[in-house]
Each structure stands twice: as C-alpha cells, then as structure tokens.
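Subject: Structure handover

Hello,

Here is the structure for you to look through. My notes on what turned up follow below.

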Amino acid sequence: MSGRGHFGEWELMVILALMRLGDDAYGVPICREIEEQTGREVAVGSVYATLDRLVEKGFVSSQLGEPTAERGGRAKRYFRITPNGVREVRKTQRALVNLWNALPQLERGIG
Amino acid sequence: MKPSKPPALATWLLEHARFSTADGVIAGDLLEEFNRGRSAAWYWRQVLMAIVVGCASEVRHRRVVAIRAVVITWAVNYGAIRAPFVVYRLFGLAFHPALVSITFSLLGGAASGALVALLQRKDEGRHPARRILRGIGRRAMLLTCAGALLGWAFMAILFLKKGALQHPIHQILVATIVYYLVALTGFAIGALLLPAPSKPITPRSEHGFPVMYENSVFVQLRSIPGCGALRAVRFQSRESL
C-alpha cells in the first residue's frame, strides 16, 4: 500500500505509536500503545513484520539496545522514524483529513 | 496462580522455528511482557502468531517459489493417490488395499518433501540473501507445503474417493486427518532426508574477520595489545548483520 504512496491502516497505527513513544520505541511499548488506543490485542510478531517492512522501505530505522536480564539476556530493538517516514506520514494525514472533511454529515450520523 | 516461567515448549518453538530475523528480539519482548503479568495462554498465542506471521511474510517475499512448492506438493501427491489403481490393475488384490494406499501416501509425501527441499536448496545457492541463508526461506516453504497438504488431503478424500460425499462428515474428517498425518509424515521424512545445505563461505577481510563484522567494536579493538582474546568472542547479535 505504502509503495503506492500512503500507509495502510495497520502501518499507520504502528508508525504513529512509534512517533508518540519517541526514543523509547521498541516492541513492548509499541504494542502497549496500540493496545491502549485501539482496545484490541496486538500480536508482537505482526508489529515486527510491519516494522521490518517499514525499515526496508526506508521509513523507519532500527538499532539494537543492550541485552537485559529482564529479557533473558536478549537485546531490545529500538525503532525511530526517518525524515522520509515523517514526510510519508504527513502525506497520508493530508489525504485522510481531506477525505474526512468531505464527510461533514458523519458528525450527525449517516443513517 | 500464574507460573513464574513462560511455557518452555513455546519458547523453544520460537527460538528454533525461526521464521523471522527478529525472533530473538520477539522472544525478549514476550518474556518481558510475561514477567509483567501476561498469561501463559497469551504467550502461546503470541508465539504461534509470530511463527505464522513470519512464515507469511517470507512467502509474500517469494511468491513464485511458494506457488511452485505448493504445486509440486499437490502434483506429486495427486500421482501418489492415483498410483494404487495401477497396482490393483497389475497385481489385483494381492496386497491389502489399505496397506497399498498408506504406502503410496507415505511415498508421495516423502517425494514431495524431498523435491521441495531440493529446489529450495538450489534457490539458496542462487540467492544468498541473509534471510535465505539462515534457512528461514526453507522452513517457511516447508511449513507452507505442510499446510497446503492439509487442503489437498481434504480435497483428495472428498473428490477423489468414490462415493465420499455419501458418508457422514465425521467419517470424511477422520479419513482426511489419517491421510494427512500419513502424507505429512512422509513429507517430513523426505524433507529431512536431504542433508542440510553446507554453510556458505563468508567473505573475510584481510584481518581474518567476516567482512560484515569489520566495523564492529570488537573487531576495532583487535589492534589494541592484549585484546587478542576478543577474537574468541562469539558474535550473538544476529540483528547487527
């Protein structure tokens, strides 16, 4: 989807959660953030699959942190949005806002 | 009361199935969440989802190879399910029909498993990408074919066995599961019979380290006197490749 210009819904959720978290964006907080905002359980594997895809596209960069005992000696993988990613988010936001603006009757209810 | 340790089998599965280059990190995340109070059921769900998502992601990357593997699996097993009729024609009912069917199902499964694994090995030689070299592609294709085999088993029982539709659904399901288990056993044997591909030769720098580590801190330290022991450091950080 994003290859054609905009993020898909899931990609957008992941990248927005990533932006909200700033420097502390790794798997666990990203999943918690999405779960809190959407109220549904998130699969850690699918978050990483999406992040991997975004890394491949150059919208996100990743970096390994230090291994910790809490994680059984495994390292955290921190993610950060790239300038390209920010540009793409703005583009998607603009498109979505335009679409929402074209639906003023939604506030009063369509049906 | 919640167990203090996550399910060992689930952790083992995640660490050994490896369908994603991020499995080590995912295992760490899951452990962190489990220690914060998540249930064992949640842990299992996450592990299974990680395996399925990793496998699907690999298949999406290599659609043509995946389709080829599934077609081969179906074609070989179609041949295997028709073969008993040739035996009956040649030898009559000299052998018990169930024995003949099971033998050919097993052989068909084994032949398809071996073929898929063989073609996958050839692909690995042609595309020595990081994910493929780590066997992620091979495992993903084999798991995909194992899944496709279940679909095939159901269709084979339903449409290729005469009068199957007249039987009750539970009998059809039992027959499907039995046929699937036999073919899957053969598939696993066929896939495992082929020796694992030899490890690729890693290009090394003039210092004798793999070039991919050349900029790592450990390798940079090698020139400092007394740091020779660092050569023995095992590089565990898979993500830094």
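Helices (H or I, at least four residues) and strands (E, at least two) are DSSP runs, numbered from the N terminus. On that basis chain B reads α-α-α-α-α-α-α-α-α along its sequence. It has nine helices and zero strands.

Two notes on conventions. This is a predicted model, where local features need pLDDT of at least 70, side-chain atom pairs count only at pLDDT 80 or more, and totals for chains, interfaces and linings use all residues. Residues are numbered from 1 along each chain as its sequence is written, chains are lettered from A and ligands numbered from 1 in the order in which they are written, and side-chain values use heavy atoms, with hydrogens and water left out.

**The two chains**

Chain A holds four helices and two strands. Their order along the sequence is α-α-α-β-β-α.

Burial next. Buried means under 20% relative accessible area, exposed means over 50%, and partly exposed is in between (1.4 Å probe, protein chains only). Chain A has 111 residues, and 42% of them are buried. Chain B has 241 residues, with 40% buried.

Contacts (heavy atoms within 4.5 Å) can be sorted by separation in sequence. In chain A, 53% of the contacts between residues at least 6 apart join residues at least 24 apart. In chain B, 70% of the contacts with a separation of 6 or more are between residues 24 or more positions apart.

Accessible areas come from the Shrake-Rupley method with a 1.4 Å probe; for residues, only the protein chains shown count as cover. Chain A exposes about 6400 Å², with 51% of it from carbon and sulfur atoms. For chain B the accessible surface is about 13800 Å², and carbon and sulfur atoms account for 69%.

**Salt bridges**

A salt bridge is a side-chain nitrogen of Lys or Arg within 4 Å of a carboxyl oxygen of Asp or Glu. Over all chains, there are 14. One of them pairs A:Arg77 with A:Asp52, with 3.1 Å between the closest N and O atoms. A:Arg77 sits in strand β2 of chain A and A:Asp52 in helix α3 (residues 44-57) of chain A, so this pair ties together parts 25 residues apart in sequence. A:Arg77 is buried at 7% relative accessible area. A:Asp52 is buried too, at 16%.

There is also a network of salt bridges. It links A:Arg32, A:Glu35, A:Arg71, B:Asp29, B:Glu32, B:Glu33, B:Arg36 and B:Arg38. Two bridges in chain B deserve a look. B:Arg36 bridges to B:Glu32, the closest N and O atoms being 3.0 Å apart. B:Glu32 is buried at 0% relative accessibility, while B:Arg36 is partly exposed at 45%. B:Arg38 meets B:Glu33 at 3.1 Å, N to O. B:Glu33 is buried, at 3%.

**A threonine in a loop**

A:Thr82 lies in the loop between β2 (74-81) and α4 (83-101) of chain A. Its relative accessible area is 17%, so A:Thr82 counts as buried. A polar atom of its side chain lies 2.7 Å from the backbone oxygen of A:Gly58. Leaving out residues up to four places away in sequence, A:Thr82 touches A:Gly58, A:Phe59, A:Val60 and A:Ser61.

**Aromatic pairs**

Rings of Phe, Tyr and Trp (its six-membered ring) pair if their centres lie within 6.5 Å; planes under 30 degrees apart count as stacked, over 60 as edge-to-face and the rest as tilted. The structure has five such pairs over all chains. Among them is B:Tyr78 with B:Trp152, edge-to-face at 6.2 Å centre to centre and 70° between the planes. This pair links distant parts of the chain: B:Tyr78 in helix α4 (residues 63-91) and B:Trp152 in helix α7 (residues 136-160) of chain B are 74 residues apart. B:Trp152 is buried at 7% relative accessible area, whereas B:Tyr78 is partly exposed at 39%.

**A nonpolar patch on chain B**

Patches are made of residues with over 30% relative accessible area and no salt bridge: like charges are joined within 9 Å, nonpolar side chains (Val, Leu, Ile, Met, Phe, Trp, Tyr) within 5 Å. B:Phe154, B:Ile169, B:Leu173, B:Ile177 and B:Leu181 make a nonpolar surface patch of about 450 Å². Helix α8 (residues 169-193) of chain B gives the largest share, four residues. B:Ile177 is in helix α8, and is partly exposed at 47% relative accessibility.

Best wishes

Conventions. A polar contact is a pair of N or O atoms within 3.5 Å; within protein, one must be able to donate a hydrogen and the other to accept it, and residues adjacent in sequence count only if both atoms are side-chain atoms.
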